[in-house]
Amino acid sequence: MERVSFTERMAVDYSVVEKTGFNPYYPEIQSALDDPLVIEGKPFIDLASNNYLGLANDPRLCMAARAAIDKYGISMCGTPIASGYSDLFRKVEILLSEFLGLEKTLIYPSCYQANNGLFTAIMKNDDVALVDRCAHSSLMEGIKATGCKIRPFLHNNIDHLEMQLKKVDPSSTSFVVTESVFSTEGSIAPFRDIYEMCLKYSAIPVIDDSHGIGVLGESGRGILEHASINEYRGYYTASMGKALGNMGGIISGPEEYIGYLKYFSSHLVYSTAILPSILAGIEKVIKIINLEFRALSRKMWKYRDMITRACLESGWSLTESITPITSLRGGDSGNTLQIAKMLYEKGILTTPFIYPSVGRNDGRIRLIAGANLKEESIAAATSILRQLNQW
Amino acid sequence: MENLEKVINLIRENTDCKGEILPSDNLVNDLYLDSLDKLLIINAAEDVFSIILEGEDLRGLNTVADIAERLNKLQTV
């Protein structure tokens, strides 16, 4: 086999960027997630961030973060197991557990770390992971690192999952791994059915609710509320950096599952603890959601409906999203970036997904309108979306 | 030949490949299958052919025809 040099291995293929004259990745934002936000000195309507409830730049969160800096400083300069754990850290763990209706919660610096670290801590190589075909990279990478047997099941296909569960050796420990909201499509896992399947076959469920927490359920508590699951016996993970407007990730669940991770999850034990200002932000945002979720959610859905309707009426091809995500089908990578470029030139920031994040020739342009946006911004965005599909 | 048709059907049923699939198609370069797609196909093949595939059996499978040939061999063992 011909040897490929290290420099060649590290080469990035920019051909699609050169062809379209547009690189949508790492845009340099010069403002907060305001409406408009600022890039290259120009105003943009933010349909890219995951700021579903529009709380990332809420003055109450900013004030809470400042107060935490005044009390604790910027960083505790230690891992949670050493000097990084504070009374605030503990308070927020308890608050999140109560919010979710779960016994215990651990807070990681990111949800990628939480997902990655979960599997490496709990799985052995003779265990079996049954994982949704479209599960997020953080889950997949964590599972692969354990060396366990992987049995993917077709996306959101409960019958295919059961076929795979029937084949698992009863002496093996099996895990069923999925997400609540699949964010490039806007689809939701049939998690009530999946959970019941887990109970039937004695499998341990793992659900990543990153795009569900603060979005799904009558009071924004996420997938477990949405699926009416009480006394959940499994692992629950979620990002604090989407609807919750902060950063970090959590793993929650029954005390006997979480207690082990507290001491044996390397990604938690050996990472500098999440910043006090962020913990204060999470504390405040949970309080705001408890009081204001209905109004914020109503606005978020209204904006989503305005955007989806405009896209459908003007002939855009959309995924069948049932969440506050509108996802345009972009075709191949060049075409997907071309659409994102046209929207960018009209002052709309979007998130384009191209291969290998999605299938080849099956690109997506994701649009999420946060509840902080002004209605006239949404009206302007819908007008642009209607005009652009005439090209 | 019969196995080849079965493999092509397995690929259709378990991946996003809905167009024409040729025996010479490379799984990665022509069909754009990733490691999870391959696992889905292998798991389905175990059911259809009533065999259990070990890691050793899966090495060097680059094309659609390679999978069919490997299954032929395993069935005659």
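Student: What makes up domain 1 and domain 2 in chain A?

Tutor: The domain assignment gives domain 1 as 14–57 + 292–388 and domain 2 as 75–274, the bounds coming from an automatic or database domain assignment. The model is predicted, so local features need pLDDT of at least 70 and side-chain atom pairs count only at pLDDT 80 or more, while totals for chains, interfaces and linings use all residues. Residues are numbered from 1 along each chain as its sequence is written, and chains are lettered from A and ligands numbered from 1 in the order in which they are written.

Student: How many residues does each domain of chain A give to the contact between them?

Tutor: Domain 1 of chain A gives 19 residues and domain 2 of chain A gives 14 residues, where two residues are in contact if their C-beta atoms, placed from the backbone, lie within 7 Å. On the side of domain 1 that touches domain 2, the elements giving two or more residues are helix 12 (276–313), strand 12 (325–331) and strand 15 (363–368) of chain A. Taken over C-alpha atoms, the centres of the two domains are 28 Å apart.

Student: Why is chain A called as compact as a globular protein of its length?

Tutor: The radius of gyration, taken over C-alpha atoms, is set against the globule rule, 2.2 Å times the number of residues to the power 0.38. For 391 residues that rule gives 21 Å, and chain A has a radius of gyration of 21 Å, close to the rule, so chain A is as compact as a globular protein of that length.

Student: What does the rule give for chain B, with 77 residues?

Tutor: A compact globule with 77 residues would have a radius of gyration near 11 Å, and chain B, with 11 Å, agrees. Chain B has three helices and zero strands, in the pattern α-α-α along the sequence.

Student: What percentage of the residues counts as buried in chain A, and what percentage in chain B?

Tutor: A residue is buried if 20 or more other C-beta atoms, placed from the backbone, lie within 10 Å of its own. By that criterion buried residues make up 50% of the 391 residues in chain A, and 23% of the 77 residues of chain B.

Student: Which element gives the largest share of the side of chain A that touches chain B?

Tutor: The contact takes eight residues from chain A and seven residues from chain B. The largest share of the chain A side, three residues, comes from strand 5 (residues 149–153) of chain A, a strand being a DSSP run (E) of at least two residues, numbered from the N terminus.

Definitions and conventions: Helix = DSSP H or I, 4+ residues; strand = E, 2+ residues; numbered from the N terminus. Buried ≥ 20, exposed ≤ 12 C-beta atoms within 10 Å, placed from the backbone.
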